[in-house]
Amino acid sequence: MIRQWTGLLGGLILAWLAAPALGATDLPAAVDLRAEAAQAAKVGGPLIVIYSRQDCKYCEAVKRDYLTPLAANPRYRDRVLIRQINQDGEVQALSDFKGAPSTHAKVALAEKVKLVPVVAFYGPDGRRLAEPIVGARLPDFYQTYLEDAVEQSSRALKKP
């Protein structure tokens, strides 16, 4: 009987330790920024990049509460492409906006990302289409900031 309880307790502890990993809200990682920005522009929207860290609870909240729902929203899902760049991804390979090999950490450094989360809006060749949203900001207004930046980015793509 004690063996059964010990096994059950051990299983519950392992499940509890794995729970944060199951609740992770990671978005698709950026792989080729030039191609991804071109793909987004082709449908008339920005490449949205969230610069994040694994240990950032605010990043998780932005991804869970705003970016994931935006990607599912019928109004935006066919107009935007959302990718994640891990500021702490020193060995996570990626091609930058010029097509050169790089890493997530190097691109974050080149974009002068110091604090996360940062949600940035890009067009072809890495052109910024709207001001990035830095930090988690006020939850009551974040959705509006995000939607305004998407609309501004879409308008900027139409300009020559």
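## Strand β5

Strand β5 is mostly covered, with five of its five residues buried. The model described here is predicted. On one side of β5 lie V118, A120 and Y122, and on the other V119 and F121; both faces are covered, and each of these residues is buried.

Strand β5 pairs with two other strands. With β1 it runs antiparallel, joined by five bridges, and F121 in β5 is the bridge partner of I48. Strand β6 (residues 128-134) also pairs with β5 in the antiparallel sense, over four bridges; here V119 has I133 in β6 as its bridge partner. The strands β5 and β6 form a hairpin with five residues between them, and D125 in the turn has a positive phi of about 65°.

## Overall organisation

The chain contains five helices and six strands, which follow one another from the N terminus in the order α-α-β-α-β-β-β-α-β-β-α. Of its 160 residues, 40% count as buried. The accessible surface of the chain comes to about 9700 Å², and carbon and sulfur atoms account for 59% of that area. Among contacts between residues at least 6 apart in sequence, 65% join residues at least 24 apart.

## Strands β1 and β2

Strand β2 is likewise mostly covered: six of its six residues are buried. From β2, L81, R83 and I85 point one way, whereas I82, Q84 and N86 point the other way, and all are buried. Strands β1 and β2 pair in the parallel sense over six bridges, with Y51 standing opposite I85 in β2. Together with helix α3 (residues 57-72), β1 and β2 make a right-handed β-α-β unit.

## Nonpolar cores

The largest nonpolar core has 20 residues, of which L33, L47, V49, Y51, I85 and Y122 touch the most other members. Two or more residues of this core come from each of α2 (33-42), β1 (47-52), β2 (81-86), α4 (104-110) and β5 (118-122). A second, separate core comprises 18 residues, among them V119, F121, Y142 and L146.

Which residues does Y51 touch, leaving aside those up to four places away in sequence? With that exclusion, Y51 touches C59, I85, V107, A108, E111, V113, V116, P117, V118, A120 and Y122.

## Helix α2 and residue A40

The buried residues of α2 are L33, E36, A37 and A40. These residues lie on the same side of α2 because they cover an arc of only 100° around the axis. An α-helix has 3.6 residues a turn, so residues three or four places apart point the same way. The cover over the buried residues of α2 includes β1, β2, β3 (93-95) and α4. Just after α2, G44 takes a positive phi of about 90°.

Not counting residues up to four places away in sequence, A40 touches G45, P46, L47, R79 and L81. A40 and V80 are 40 residues apart in sequence, while their C-alpha atoms are 5.8 Å apart in space.

Notes
Residues are numbered from 1 along each chain as its sequence is written. This is a predicted model: local features need pLDDT of at least 70, side-chain atom pairs count only at pLDDT 80 or more; totals for chains, interfaces and linings use all residues. Side-chain values use heavy atoms; hydrogens and water are left out. Buried means under 20% relative accessible area, exposed over 50%, partly exposed in between (1.4 Å probe, protein chains only). Contact means heavy atoms within 4.5 Å. Accessible areas come from the Shrake-Rupley method with a 1.4 Å probe; for residues, only the protein chains shown count as cover. A nonpolar core is a set of buried Ala, Val, Leu, Ile, Met, Phe, Trp, Tyr and Cys residues joined through side-chain atoms within 4.5 Å. Two strands pair if DSSP finds at least two bridges between them. A crossover is right-handed if, with the strands pointing away from the viewer, the path from the first strand over the helix to the second runs clockwise. The arc is that of the directions from the helix axis to the C-beta atoms.
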